Amino acid sequence: MKLSQFKFKLPENLIASHPSEVRDECRMMVVDARDGSITHHIFKDLINYFDEGDVIVFNDTKVFPARLFGNKEKTGACIEVFLLRELNEENKFWDVLVEPARKIRIGNKLYFGDDESMVAEVIDNTTNRGRTLRFLYDGPHDEFKANLFAMGETPLPDYIERRAEPEDAERYQCIYAKNEGAVMAPAAGLHFSRELMKRLEIKGVERGFLTLHCGRGNFRDIDVEDLTKHRMDSEEMIVGDELVEMVNAAKDRGSKVCAVGTSTMRALATSVCMNGHLMNYSGWTNKFIFPPYDFTVCSSMVSNFHLPQSTLLMMVCAFGGYDLIMKAYEVAVKEGYKFGAYGDAMLILR
């Protein structure tokens, strides 16, 4: 398929800049690929679509405060630094993006914090915007990381055109987030409240967890028309034995398996065997899923409404069917559904 096939007109006012007041009371569109129906609900109605023994799989990655603002030595110029991942714990090396990149060269020092107590030196160029920083800090690693993160902001997606606010630290995080390492939230999971999770548990719906640390690669513009030529950034992931046993048992007894979000779906697709069962996996994935694609693990999927020409939209189209999902997106725009990480939800059934 071609990039242009995933273009649609999205009014800017439909991109959510703030989350719904209550996590599980956003709107939810249910798209049934079995009969082509499109119906409208609120998110807490999700419980009506699952029964005892069904399995819902979540991504328990935890977002860290990855966006920093520092000052360049001598000039004092304000520099935005986006932490991507720690490269070396002992030497405090970090892979980062910087803006404006043209002002930052190897050897430059950057100062962070109101008292400029945190100092970093640029030691390498990785891309046109990317740099490797070495933080100059003499204390223990745990203390260094705590101080570094205390200076950071919640890394809201660029399409949310505002600075992070204090409440974003809690709302741009899934309630079950556990394993730190993401710079983007697995947004479909943001709708799950503690009350809804408890109601699902009481009903006998099983909960499984994997970890995929969501990076910024999902939001990088695709610059090729032929999708087979696009390369995804790699993301670290873990699918453990407990989840493997839970999902495989559900499949063997004919129960439903639901993936919460595109990151969960990508991790499951990475760790699937030839027979449609899961195997444990620990490593990296750069799997790019777009139509057509044969999904063998999941019978349903929870997703947000994604922006035009995004890899996230492409995966949703692969799961629900291109024509039906693009029709559903037309309905979503017409009905005023909210798009993006803080937007409304879609449940796709197959």
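This is a short chat about a predicted model, taken one region at a time.

Q: Let's start with helix α1. Which of its residues are buried?
A: Helix α1 covers residues 141–150, and its buried residues are H141, F144, L148 and F149.

Q: How do those sit around the helix axis?
A: Looking down the axis of α1, the buried residues fall within an arc of 120°, so they line one face of the helix.

Q: And the other side of α1, which residues are exposed there?
A: D142 and A150 are exposed on that other side.

Q: What covers the buried residues of α1?
A: The cover includes several strands. Among them are β5 (67–72), β6 (78–88) and β7 (93–99). The cover also includes β9 (118–125), β10 (130–136) and β11 (179–182).

Q: New topic: α6 and α7. Where are they, and at what angle do their axes cross?
A: Helix α6 is residues 311–320 and helix α7 is residues 322–335. Their axes come within 6 Å and cross at roughly 120°. That angle makes α6 oblique to α7.

Q: Is the crossing left-handed or right-handed?
A: α6 passes α7 in a right-handed crossing.

Q: Which residues meet there?
A: From α6, they are L313, V316, C317 and G320. From α7, they are Y322, L324, I325, M326 and Y329.

Q: How do those divide into nonpolar, polar and charged?
A: The contact of α6 with α7 has eight nonpolar residues, one polar and no charged.

Q: On to the backbone. Which peptide bond is cis at P100?
A: The bond from E99 to P100 is cis, with omega near -5°. P100 is found in the loop between β7 and β8 (109–112).

Q: What about P291 and P292, what joins them?
A: A cis peptide bond joins P291 and P292, and its omega is about -10°. P292 is in the loop between β15 (281–285) and β16 (300–304).

Q: What is the phi of K92?
A: K92 has a positive phi of about 60°, although it is not a glycine. K92 lies in the loop between β6 and β7.

Q: Is K92 buried or exposed?
A: K92 counts as buried, because its relative accessibility is 9% and the cut-off for buried is under 20%.

Q: And E116, what is its phi?
A: E116 also is not a glycine, and its phi is positive, about 55°. E116 sits in the loop between β8 and β9. E116 is partly exposed, with a relative accessible area of 38%.

Q: Let's switch to I15. Where is it?
A: I15 is in the segment before β1 (27–32).

Q: What does I15 touch?
A: Not counting residues up to four places away in sequence, I15 touches L10, Y159, L307 and F339.

Q: How many residues apart are I15 and I160 along the chain?
A: They are 145 residues apart along the chain, and their C-alpha atoms are separated by 7.6 Å.

Q: Last one, D226. Where is its place?
A: D226 is in the loop between β12 (206–212) and β13 (235–239). D226 is partly exposed, with a relative accessible area of 21%.

Q: Which residues is D226 in contact with?
A: Leaving aside neighbours within four places in sequence, D226 is in contact with M1 and K2.

Definitions and conventions:
Residues numbered from 1 in each chain as written. Predicted model: local features only at pLDDT ≥ 70, side-chain atom pairs only at ≥ 80, totals over all residues. Heavy atoms only, no water. Buried < 20%, exposed > 50% of the residue type's maximum accessible area, 1.4 Å probe, protein only. Helix = DSSP H or I, 4+ residues; strand = E, 2+ residues; numbered from the N terminus. Arc of directions from axis to C-beta. Contact = heavy atoms within 4.5 Å. Axes fitted to C-alpha atoms, helices over the stretch in contact; angles between N-to-C directions. Parallel < 35°, antiparallel > 145°, perpendicular 65-115°, else oblique. Left-handed = near helix turned anticlockwise from the far one by under 90°. Nonpolar A, V, L, I, M, F, W, Y, C, P; charged D, E, K, R; others polar.
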